[in-house]
Amino acid sequence: MLLTHDYYMQLALNEASAAFDEDEVPVGAVIVHSGRVIAAAHNQREALHDPTAHAEMIAITQAAESMGDWRLEGCTLYVTLEPCIMCSGAILQARVPTVVYGATDPKAGAVGSLFHLLTDERLNHRCQVVPGILAKPSGEILTRFFQQQRRLGKK
């Protein structure tokens with residue numbers, strides 16, 4: 001059975017839901033290699049008190065452990081929100097060949113909104129980028145989260 005981008009993005013959305021339930025910004029990520037999920041993570045900045053604990057960063061670490069190599073060649077990263085500058089840098093360093101994301105991030109997106117880091121010809125590695133997969137539900141969960149945060153008077 002050939003699984004689609006929608007299938008894997010739904011798994012990333014499941015991770016985003018887990019983040020929402022943990023009062024974290026609801027972003028989820030999964031990394032797939034040869035049709036098998038080798039990493040699944042969500043934002044954990046609040047729980048870990050770590051500004052680098054973005055879904056992508058945690059998933060990249062898990063995938064490297066699974067692969068036994070820092071090079072994630074042959075992998076696809078699925079993430080519900082367009083990666084930021086930090087995560088884009090890690091994606092490039094890990095040599096992830098394909099990145100699929102859901103919602104765009106006009107305030108911090110480094111893949112197409114503010115910057116185009118993953119396809120910058122000046123760099124020694126570039127990624128194939130597939131934007132907008134399940135963008136609507138990926139954006140809606142973020143909107144619900146931030147509306148709730150404002151209602152509760154949280155930062």
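Author: This is a predicted model, in which local features need pLDDT of at least 70, side-chain atom pairs count only at pLDDT 80 or more, and totals for chains, interfaces and linings use all residues. Residues are numbered from 1 along each chain as its sequence is written, and side-chain values use heavy atoms, without hydrogens and water.

Reader: In what order do the five strands of the open sheet lie?

Author: Strands (E, at least two residues) and helices (H or I, at least four) are DSSP runs, numbered from the N terminus. Two strands pair if DSSP finds at least two bridges between them. The pairing in this open sheet is mixed, and the order is E2-E1-E3-E4-E5.

Reader: Which are the edge strands?

Author: An edge strand here pairs on one side only. That holds for E2 and for strand E5 (128–130).

Reader: Which residue in E3 is the bridge partner of valine 32?

Author: E1 and E3 run antiparallel, joined by five bridges. The partner of valine 32 in E3 is threonine 76.

Reader: Which residues have the most contacts inside the largest nonpolar core?

Author: A nonpolar core is a set of buried Ala, Val, Leu, Ile, Met, Phe, Trp, Tyr and Cys residues joined through side-chain atoms within 4.5 Å. Buried means under 20% relative accessible area (1.4 Å probe, protein chains only). The largest such core has 29 residues, and those with the most contacts inside it are Ile31, Leu72 and Ile91.

Reader: Which element gives the most to this core?

Author: Elements that give two or more residues to the core include strand E1 (28–33), helix H3 (55–67) and helix H4 (85–93). The one that gives the most, with five residues, is H3.

Terms used: Buried < 20%, exposed > 50% of the residue type's maximum accessible area, 1.4 Å probe, protein only.
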